[in-house]
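Let's take a quick tour of the protein shown here. Have the sequence and the 3D view open as you read.

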Amino acid sequence: MGPSYLLFLFLLLCGDPELCYPQTLWLLPGGTPTPVGSSSPVEVECLEAELVVTVNRDLFGTGKLVQPGDLTLGSEGCQPLVSVDTAVVRFNAQLHECSSGVQVTEDALVYSTFLLHDPRPVGGLSILRTNRVEVPIECRYPRRGNVSSHPIQPTWVPFRATVSSEEKLAFSLRLMEDNWNIEKSSPTFHLGEVAHLQAEVQSGSHPPLQLFVDHCVATPSSSPDQNSSSYHFIVDFHGCLVDGLSESFSAFQVPRPRPDMLQFTVDVFHFANSSRNTLYITCHLKVAPANQIPDKLNKACSFNKTSQSWWPVEGDADICDCCSDGNCSNSSSSWSQIHGSPQRSKLTSRNRRHVTDEADVTIGPLIFLGKASDQAVEGWISSAQTSVAFGLGLAIMAFLTLAAIVLGVTRKRHTSSHLVSLPQ
């Protein structure tokens, strides 16, 4: 049994050599593939009355080009333009076409749709080598500004937003890298990772202010159904980070970098009853004078699992006592108890005592690369199966080697016995 035969046997048992070293390549919508590519695979241009979507056919950064017929825009399945360029696929649609929905906010008109890559088997085969991907697309047009004969210059905002108030205070909610030094370059996460969120207010010449996150709610889409039950409160009760009560370590960062900035972490999750792999987080931010002592209405409290108690970023510990029962306002009811659903846009019933200004800010979409049973687990299963196959191959090789040795010894003995019995 020579080395070449053993190598053949190993490959036969292990299968394709790539299975022994599985490497998963993830698509980062609106960003770069992993490994990092040289350009964004999906680019969106928001024009005055239409949007143009350009898709790199090397959508996954693997060098294998996707088929143009597998790409559509919106639920209506709008087809791409016919092009002689074989490297990219382009879509051109009016803002109201291709199932584009419009959302009217206080400051903007938001048109949203999605790019769908739905691969189909080719060449009579029944297998697929690429994934089904849905990339959210959004064009945001400001509603306020000086009127002129010039067209509005829109901006595509993929996963962050900034809201300006009447007093010209600019609130922002940003996704940061783990070190908090720079903004995260893509909105993509795996389950088990941690999202680093940074809330901030730019006050300009305004007197010193202190920022608070009054409440935050997560939804699977930017404009969820009003009757949908798919939402999860991350912060509630005027500054209680309630997500830390569940199986997570979500918490505010202590101390805060500046009075006008507040940082907190959230263990990422997905909605079990939703087919989407996206997540939007809407936070209600507010400010108070920097010299005001934190109280039950203006606080930042995290749950400490070690001591099983609530602790504030600043102020006396007793301002967090109400987080346990949710009785942190004069009305003795939380935002979720009063309004039932996160779809309410008015805040008229909120207690605005000591609040100089406030605004709702949304960050999203956050993209999750597979759910609990998706590619991440599949990769683990593939690795486990490969390890089992490798071990089984070694065992069989050892068995065959031993059998060959035993067979050789047996033949030698048989030959010796036969020679002895010959007549002299």
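This is a predicted model: local features need pLDDT of at least 70, side-chain atom pairs count only at pLDDT 80 or more; totals for chains, interfaces and linings use all residues.

Residues are numbered from 1 along each chain as its sequence is written, and side-chain values use heavy atoms, leaving out hydrogens and water.

**Around Asn 298**
- You'll find Asn 298 in the loop between β16 (278–289) and β17 (301–304) (strands are DSSP runs of E, at least two residues, and helices are runs of H or I, at least four, numbered from the N terminus).
- Asn 298 counts as buried because its relative accessibility is 1% (buried means under 20% relative accessible area, with a 1.4 Å probe and protein chains only).

**The cores**
- The largest nonpolar core has 36 residues, and Phe 171, Val 213, Phe 252, Phe 264 and Ile 281 touch the most other members (such a core is a set of buried Ala, Val, Leu, Ile, Met, Phe, Trp, Tyr and Cys residues joined through side-chain atoms within 4.5 Å).
- Strands that each supply at least two residues of this core include β9 (170–176), β12 (209–219) and β19 (357–368).
- Apart from this core lies another, of 24 residues, with Val 44 and Tyr 141 among them.
- Leaving aside residues up to four places away in sequence, Val 213 touches residues including Ala 199, Phe 264 and His 284 (contact means heavy atoms within 4.5 Å).

**Rings**
- There are 6 aromatic pairs in the structure (rings of Phe, Tyr and Trp, its six-membered ring, pair if their centres lie within 6.5 Å; planes under 30 degrees apart count as stacked, over 60 as edge-to-face and the rest as tilted).
- Phe 303 and Trp 310 form an edge-to-face pair, because their ring centres are 5.5 Å apart and their planes are at 65 degrees.
- Both Phe 303 and Trp 310 are buried.

**The whole chain**
- The chain has 3 helices and 19 strands.
- Of its 424 residues, 41% count as buried.

Notes
Buried means under 20% relative accessible area, exposed over 50%, partly exposed in between (1.4 Å probe, protein chains only).
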